[in-house]
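Dear colleague,

I am passing on the structure we spoke about, together with notes on what was found in it. Please read the notes with the structure open beside them.

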Amino acid sequence: AGGGRHVAHLQARSAVAPAAALPSAALAAHQVFYSAFQALLYAMCYHLEGIMQPQPQLPSSADTQLSPAAQAITRLFQAVMPPLLSHWLDPLAACNQSVASEFT
């Protein structure tokens, strides 16, 4: 029952998403992918600024560098997100429009 509710939610979102509506079969077959992708976008929307804050190298040093988490996010945006956003599964089409608009 829970899986059907998620598919219905994704189908409703695809009707108002910026991309073309996705076929129901694609939503059902890939609902975990779409849910995980939207969760990643939510996390970035709400926590990206804090993660990307430079960390001081030493308490007495004026130099700063990115934290390991910020370095991972930088790699995510440079290497992973571009092909993912243009993937044939069109992950933004199944996301909440307000979240998707932050990344288009």
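Helix H3 bends by about 45 degrees at Cys45, where the bend at a residue is the angle between axes fitted to the seven residues ending there and the seven starting there. Please bear in mind that this is a predicted model, in which local features need pLDDT of at least 70 and side-chain atom pairs count only at pLDDT 80 or more, while totals for chains, interfaces and linings use all residues. Residues are numbered from 1 along each chain as its sequence is written, and side-chain values use heavy atoms, with hydrogens and water left out.

The 21 residues of H3 should span 30 Å at 1.5 Å a residue, and the end C-alpha atoms of H3, 28 Å apart, agree with this; the expected span is 1.5 Å times one less than the number of residues. Helices (H or I, at least four residues) and strands (E, at least two) are DSSP runs, numbered from the N terminus. On that basis the chain has five helices and two strands, and their order along the sequence is α-α-α-β-β-α-α.

Helix H4 (residues 68-85) also has a kink, of about 40 degrees and centred on Leu76.

Turning to burial, I use buried for under 20% relative accessible area, exposed for over 50% and partly exposed for what lies in between (1.4 Å probe, protein chains only). In H3 the buried residues are Tyr34, Phe37, Gln38, Leu41 and Met44, while in H4 Ala70, Ile73, Leu76, Met81 and Leu84 are buried. Helix H3 is included in what covers the buried residues of H4. Leu92, in the loop between H4 and helix H5 (97-100), is buried with a relative accessible area of 9%, and its C-alpha atom is 8.0 Å from that of Gln38, although Leu92 and Gln38 are 54 residues apart in sequence.

The largest nonpolar core has twelve residues, including Phe37, Leu41, Ile73, Leu92 and Phe103; such a core is a set of buried Ala, Val, Leu, Ile, Met, Phe, Trp, Tyr and Cys residues joined through side-chain atoms within 4.5 Å. H3, H4 and H5 each supply at least two residues of this core, and H4 gives the most, with four residues. Apart from this core lies another, of six residues, among them Leu22, Tyr34, Leu89 and Ala94.

Finally, three aromatic pairs were found in a search of the whole structure. Rings of Phe, Tyr and Trp (its six-membered ring) pair if their centres lie within 6.5 Å, and planes under 30 degrees apart count as stacked, over 60 as edge-to-face and the rest as tilted. Phe33 and Tyr34 form an edge-to-face pair, 5.4 Å centre to centre with 65 degrees between the planes; Phe33 is partly exposed at 26% relative accessible area, whereas Tyr34 is buried at 0% relative accessibility. The pair of Tyr42 and Tyr46 is stacked, because the ring centres are 6.3 Å apart and the planes are at 5 degrees. Tyr42 is partly exposed, at 29% relative accessibility, and Tyr46 is exposed, at 64%. Phe33, Tyr34 and Phe37 form one aromatic cluster.

With best wishes

Technical notes
Contact = heavy atoms within 4.5 Å.
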